Amino acid sequence: MVYRQPEYNRAFRCLGGACPDTCCRDWEIVVDEGALADYRAAPAGLREALADALAPDGEGEVCFRLRPDGFCALLTPEGLCTIQRDWGEEHLCAHCAAYPRFTEEYGCLTETALAVSCPQAARLLMEAADFALEEQDDGGNQPPFDGVEAELLAGLEATRARALALLGEREEPLWRRLAWLLAFADRCQDYVDFGLYGQLARCLLEPPQAEGAGSLRGLALALLDACAALEPLRPAWPALLRRRREELAGLDGEGYRRARREFEAACPDWEGHLTNLACYLIFRHWHKTVNDDVLYGRAALVGGACVLLYHLCLLEWRERGALGPEREIALWSAFSREVEHMEENLSALAQGFYDLEKWEFLPALMAREP
Ligand code: SF4
């Protein structure tokens with residue numbers, strides 16, 4: 001079995017009460033059976049508080065109740081978890097104990113990512129010099145789980161390494177690297193569509209071709225519309241997207257080009273930050289193609305996330321005259337919460353992006369602007 005994770009995972013420490021957000025807000029956390037049994041033996045006082053804080057959701061599973069303001073009923077005013085503070089970390093339910101670690105298991109391979117919905121995970125990713133992976137092999141040589149096509153997984157391993165190498169060519173502009181990525185994923189998708197999994201590793205990247213005059217701003221407007229129409233976790237997210245859409249649509253061509261030039265000069269780290277984010281998204285989502293054969297849609301999701309977050313940062317910088325890491329992290333975290341963690345939203349975008357003609361990513365990414 002191979003175990004793999006980004007190197008910066010080891011540096012993660014939860015910020016606890018110093019967190020600028022909290023993972024104890026808005027999410028209905030399903031409590032596992034082991035934790036429920038544990039909670040029945042909680043110390044007096046906490047046992048009653050736990051009983052009051054647990055409630056069935058619409059599907060009959062037991063969750064932590066959310067207060068009207070969206071915070072977990074067990075979150076203290078200091079931003080601490082009552083269970084952890086009064087009883088110990090070992091009594092957290094499986095979800096709370098794992099977050100922000102998300103582990104994918106394929107039988108022969110186990111990978112762990114830190115979700116950037118957590119501000120501290122986002123900061124570690126943003127500040128990493130590059131997106132380096134580390135792995136260990138226990139020598140067990142286990143086969144993939146039933147239902148995981150071994151040839152497809154092997155092909156995804158080879159093609160994801162190639163995709164990460166493409167993104168790692170940092171002397172090239174980010175938009176060009178993303179265009180390469182999408183062209184590469186489109187080629188790979190052809191093999192997946194025909195079940196030619198064994199030939200995936202032979203995918204060659206030809207220089208991407210784009211027909212028609214694309215516009216990065218046009219793509220950003222379409223992405224802002226599409227994301228604002230998804231089911232929101234927090235209403236502030238679609239409200240922000242709609243407001244930014246109007247601001248972007250209100251810029252004339254020269255105003256848009258000038259804003260980009262000035263933003264990129266004022267925030268020169270934007271490209272390195274988004275490169276790391278793109279690598280993280282590739283790492284976290286590429287292999288999930290084993291579940292549904294949708295590879296191109298996932299690559300387009302990476303490109304779409306970069307275009308969307310670039311414009312949200314640009315417009316925020318334009319409004320405030322500055323963009324500190326805290327605001328950049330807050331935007332990354334919001335995107336992750338609203339898209340990565342909302343399974344329906346994630347698959348709606350990935351499936352929607354599969355429609356190449358509608359989205360026209362390549363002409364937009366290859367457009368020569370500003
Ligand atoms: S969001 Fe991250 S840093 Fe904040 S409380 Fe949760 S795990 Fe800790």
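Student: Is N141 buried or exposed?
Tutor: N141 is exposed, because its relative accessible area is 72%, where exposed means over 50%, buried under 20% and partly exposed in between, with a 1.4 Å probe and protein chains only. This is a predicted model, in which local features need pLDDT of at least 70, side-chain atom pairs count only at pLDDT 80 or more, and totals for chains, interfaces and linings use all residues. Residues are numbered from 1 along each chain as its sequence is written, and side-chain values use heavy atoms, with hydrogens and water left out.

Student: And where is the place of N141?
Tutor: N141 sits in the loop between β6 (133-137) and α6 (150-167), with helices (H or I, at least four residues) and strands (E, at least two) taken as DSSP runs and numbered from the N terminus. Its phi is near 55°, a positive value in a residue other than glycine.

Student: What is phi of D26 near?
Tutor: For D26, phi is near 75°, which is again a positive value in a residue other than glycine, and D26 belongs to the loop between β1 (2-6) and α1 (33-39).

Student: Switching to the backbone at P100: is the peptide bond from Y99 cis or trans?
Tutor: The bond from Y99 to P100 is cis, with omega near 5°, and P100 lies in the loop between α4 (94-98) and β4 (101-105).

Student: Which residues are around the ligand?
Tutor: Around the ligand are C14, L15, C19, C23, Y99, C118 and P119, a residue being near a molecule if one of its heavy atoms lies within 4 Å of it. This shell divides into 7 nonpolar, no polar and no charged residues, where Ala, Val, Leu, Ile, Met, Phe, Trp, Tyr, Cys and Pro count as nonpolar, Asp, Glu, Lys and Arg as charged, and the others, Gly among them, as polar.

Student: On to helices, at what angle do α9 and α13 pack?
Tutor: Helix α9 (residues 236-250) and helix α13 (residues 296-320) pack at about 75°, with their axes 10 Å apart; the axes are lines fitted to C-alpha atoms, for helices over the stretch in contact, and angles run from 0 to 180 degrees between N-to-C directions. That makes α9 roughly perpendicular to α13, since 65 to 115 degrees counts as roughly perpendicular, under 35 as roughly parallel, over 145 as roughly antiparallel and the rest as oblique.

Student: Which residues make that contact?
Tutor: From α9 there are W237, L241, R243, R244, E247 and L248, and from α13 there are L308, H311, L312, L315, E316 and E319, contact meaning heavy atoms within 4.5 Å. These residues divide into 6 nonpolar, 1 polar and 5 charged.

Student: What about R284, buried or exposed?
Tutor: R284, found in helix α11 (residues 270-285), counts as buried because its relative accessibility is 8%. Its side chain makes a polar contact with the side chain of E340 at 3.0 Å, a polar contact being a pair of N or O atoms within 3.5 Å, where within protein one must be able to donate a hydrogen and the other to accept it, and residues adjacent in sequence count only if both atoms are side-chain atoms.

Student: Last one, where is F353, and how far is it from G297?
Tutor: F353 is in helix α15 (residues 343-353), and although F353 and G297 are 56 residues apart in sequence, they are 5.1 Å apart in space, C-alpha to C-alpha.
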